[in-house]
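Take a look at the sequence and the structure below.

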Amino acid sequence: MRVWLTALLLTSGLLLAQNGDVVAKAADEVAAALAKADQRALQDIAVRTRPDPWILADHLCATRRQPAAAAFVKLLSGHDYDGLAAYVADRRGREPSPVKQIQAAEKVGQSLMASRRAGEALTHFRALSKRAVELGWRRRAQWHLGLASDAARQVPAPKIVDEVTRELVAMARSRERAAPLGGALNNRGTFLFNRGDLPGAKLCFKEAREILKDAGDDRALAFATMNLGNVFLRNGSLVPAWTLLDEARTLLKRLGNKPGLATVLLNLSWASGDLGRWRQQRVQLTEALALARELRNPRIEGLALFGLAQLSRRQGDLGKARRWYHDAARLLDRVGARGRAAFARAGRAACMTDRAEAYPILVASLAELDRLGRKAEAAVVSVSLAGCAWDRRQIDEAYRGARDARRRAEELGIPLGPGLVRVWCFTAGARGEHEAAIRLARVHWADAVTPDERARLGEVLASVLRTAGRPAEAIAVAREAALDVLDLSGGLSDSESAGVRTRRFHLYDLALVAAIDTDAFSDAVHFLELRRAGALLQGFTIREKLGSLLPPKLRAAEKKARGKLAEATAAYGRAHKSRRRAAIKSARQAVEDAKERLGAAIRRVQEEAKELADVTHPRPATIATLRAALDKSEAIVWYSQIRNAHGEDWGMAAVLSPGFERMVSIKRLPRKNESPGDLRELLVKPLKLPKSIRRVIVAPDGTFTFLSYTQLFPGRDIVYAPSATTVHMLRAKFKKESGRGVLALGDPDYEKQDAAGRRGGYGRLPGTGVEVKAIGDTVLLRKRANVAEFKKAIAQRPRWRAVHLACHGTVDANDPMLSALALSGGDLTAYDVFGMNIPADLAVLSACETAKGRVYATEGVVGLTRAFFYAGPPRVIVSLWKVDDEATRALMIRFYKEWKSGKATATALRLAQEHVARQPKWKDPKFWAAWQLWGLPD
């Protein structure tokens, strides 16, 4: 410490020597100007702030140039220099100089601060300020008070900070200078804000803004504006808060003040999130995160990651939220922000699916926040703790926790949030206090401002109404709340839109349960359709406009992101070969980062396209429209997984045909490896389908998604669809199909290992070569079965009748858009397909598990099937599991024979499956039942 302090003092001496040179030079300029009687030059020197005129006048006196000092002082005006003329007159021959004494004492105070002796520094600077006031050196006195205020915050000494900030404002007013007064008011307002005196802080910041606007000090104005916006934000006045913070952001960006910009972006993101402007919030947080990493500021980086975690949690991506909460807690712990770190750990626990594991983490986080006196964060965590107890069915504990959370909120004077209202109402309802729960939920729902709050509180009200035995009212409330969910998800990227609706899937569940309670078939169909495939329907409406609407920069950014991912993947392959653990870990992280950047670019493309095309979330077709669109021999069957308030899963099914409708409960979910016979008893027999139904359009979700309905409805054509509205839209869009010829790709060359080091792991599929030769008009084999040749071949015709790809397939469960078809030299990912235009009546993905992907509760499967829908074909044939090469070849050849003869696609697929099943060696369903037709039936 002594060595370090000595170095500091030596450095201070060097700086003092450098400052002395500046003062001596200015003194010589004064002498020269006086000799020439150059009043303008003297005036220019007098208005400078460096060197300080007091120091310059003192130097002139010390170097026996008293007349020059007196002449110089005559040019100065204002309260800052009222005592300077008397000082100069009294200075003749007087040593030591009071100005130099004060300067020397400043160095002592700075050394005390540097050595973390803030208490001593506080006393020292206050005494210095008093001495400077006595001398008449007001500007220096104000600076000393500011340093005293900084020291008092480190002690901490709030009472002294209060006194000092008051003195600063009074002194600045007496100086009659705008900029110092604006700064002092800003300082005083910050103290009041941190103390919780929001009205006092608001008055200070408003006055500071007006003063700084007139003074033209944009930097100080930006911070005063940001601070005033924070006051409005804390008060819950979101719109004025957002406006002020955005104004501060514009100023700081223009000034190039990156630290200030990163801070205001964080604050602005909180306002955007509370207003439900999630797209803007993500952009702001991402920009703040990039700035924090550029500035190497772990505190802002941690807070930005915390904000991104909160956003992901709101949008239903709990896996990403957990990762970001973890990273935020680690960074915030590192910078000593223990309260925020504890809050981040609580957020991560709240996202855990294992509630028993989450509970002790929440308890520990709440205890830490209470110990640190972080009352606001503790109130939020107490709500999560009560909710966790509710999820574990610990009703009494949840009730006590909700009561504690309510007490904390009332003590802080903050409104009860949707989470607290939810737990309070649910626990009260479980205790039989239904009317009290309904009254509370209804009041807060009526007062909700943002779509997010209205959706969450509408879900709570609908739930307590149904629990109280009022299902018709519950359905009416759920209909309104569902519209708010649509507002939230409209205009977002596909994955985010699905995540928002998934986050609110309980709303659809309770509406469906209420519809079953009242036998309200039309209401059930409304909610079944409302929860499904919204992003896909949006995609159909913008697909044709993407090229003409999107700015070239967005396309270029997407292309660049794809290139970076390819580079990172290649580097990972090289690292894997080296077998160096550290290199592999680093390269793997680079691949993950590149995936995230590509995902962000894809989301931006989707968002911009939806905004420019003025696309909102489409409303589902009415039951009358769906019924009129069906042929008399067709029926739509919805299978839906439902979860009740206690986390118990069961199911329901609904059937609609022109002359028949039925709705049934399914008391349990299908079991793994359950026999087709048992599944028919569970899922098909209760429907009592008329024998006249020859085609079944299945719209499944949840556990029902990956069942082979071909085995459950023998003798009937089976078509799969994300929703009935999707089928209706496809039929309207593809009334006439003009495709010609079959483009077939097969038997890729896997001998050469790719950059990821895995091509050699794919075995050759010689049967696919025979398959595509038998069915294709244009055939791509071996080395030609690559992405570039495939794209070139697609462009050879205006529209193909079918595009057929026979190869290996891979599924990425974490990021379904990285699921891929393995071609020669590289993969064709779902991301790649999304960006392509594939004009064809049918796409056949003759590979393993191409039907799989990530299942969203309210969106269905996102993966290769969805990507090909976007690319153009209204029908896609895919497989549920790993398929046999030889059996698949036989099935596909028979399918194309039947299809080219004029049979409907679904009929041709059923006949091909029956043909394979009749062969003794392939009679087991594993050889033929995996294949599904998704999309347009005809």
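Start with one term: buried means under 20% relative accessible area, exposed means over 50%, and partly exposed lies in between (1.4 Å probe, protein chains only). This is a predicted model, where local features need pLDDT of at least 70, side-chain atom pairs count only at pLDDT 80 or more, and totals for chains, interfaces and linings use all residues. Residues are numbered from 1 along each chain as its sequence is written, and side-chain values use heavy atoms, with hydrogens and water left out.

Now apply the term. Is alanine 448 buried or exposed? Alanine 448 has 13% relative accessibility, so it counts as buried. This residue lies in the loop between α23 and α24. The helix names follow a simple scheme: helices (H or I, at least four residues) and strands (E, at least two) are DSSP runs, numbered from the N terminus. Which residues does alanine 448 touch, if those up to four places away in sequence are not counted? They are Glu453, Arg454 and Leu457. Touching, or contact, means heavy atoms within 4.5 Å. Alanine 448 and glycine 417 are 31 residues apart in sequence, and their C-alpha atoms are 9.6 Å apart in space.

Two packed helices are described by the angle between their axes and the distance between the axes. Axes are lines fitted to C-alpha atoms, for helices over the stretch in contact, and angles run from 0 to 180 degrees between N-to-C directions. Helix α23 covers residues 434–447 and helix α24 covers residues 451–467. Their axes are 9 Å apart, and the packing angle is about 160°. The two helices are therefore roughly antiparallel to each other. The cut-offs are these: under 35 degrees is roughly parallel, over 145 roughly antiparallel, 65 to 115 roughly perpendicular, and the rest oblique. α23 passes α24 in a left-handed crossing. Left-handed means that the near helix is turned anticlockwise from the far one by less than a right angle; clockwise is right-handed.

Look at the residues where they meet. From α23 come His434, Ala437, Ile438, Ala441, Arg442, His444 and Trp445. Among their partners in α24 are Arg454, Leu457, Gly458 and Val460. By class, the contact of α23 with α24 has nine nonpolar, four polar and two charged residues. Here Ala, Val, Leu, Ile, Met, Phe, Trp, Tyr, Cys and Pro count as nonpolar, Asp, Glu, Lys and Arg as charged, and the others, Gly among them, as polar.

Among the buried ones are Trp424, Cys425 and Phe426. What covers them? The cover of α22's buried residues includes α20 (375–391), α21 (395–412), α23 and α24. After α22 comes glycine 432, with a positive phi near 90°.

One of those covering helices, α20, deserves a visit. The axes of α20 and α22 come within 9 Å and cross at roughly 35°. α20 passes α22 in a left-handed crossing. Val383, Ala386, Gly387, Trp390 and Asp391 in α20 meet α22 residues including Leu420, Val423 and Phe426.

Serine 384 is buried, with a relative accessible area of 17%. Leaving aside neighbours within four places in sequence, serine 384 is in contact with Arg313, Ala350 and Leu362.

Finish with backbone angles. Most residues other than glycine have a negative phi, and most peptide bonds are trans. Arginine 64 has a positive phi near 60°, and it is not a glycine. Arginine 64 sits in the loop between α3 (53–62) and α4 (66–74). Its relative accessible area is 75%, so arginine 64 is exposed. Aspartate 519 also has a positive phi, of about 55°. Aspartate 519 lies in the loop between α27 (505–518) and α28 (521–530). Aspartate 519 is exposed, at 60% relative accessible area.
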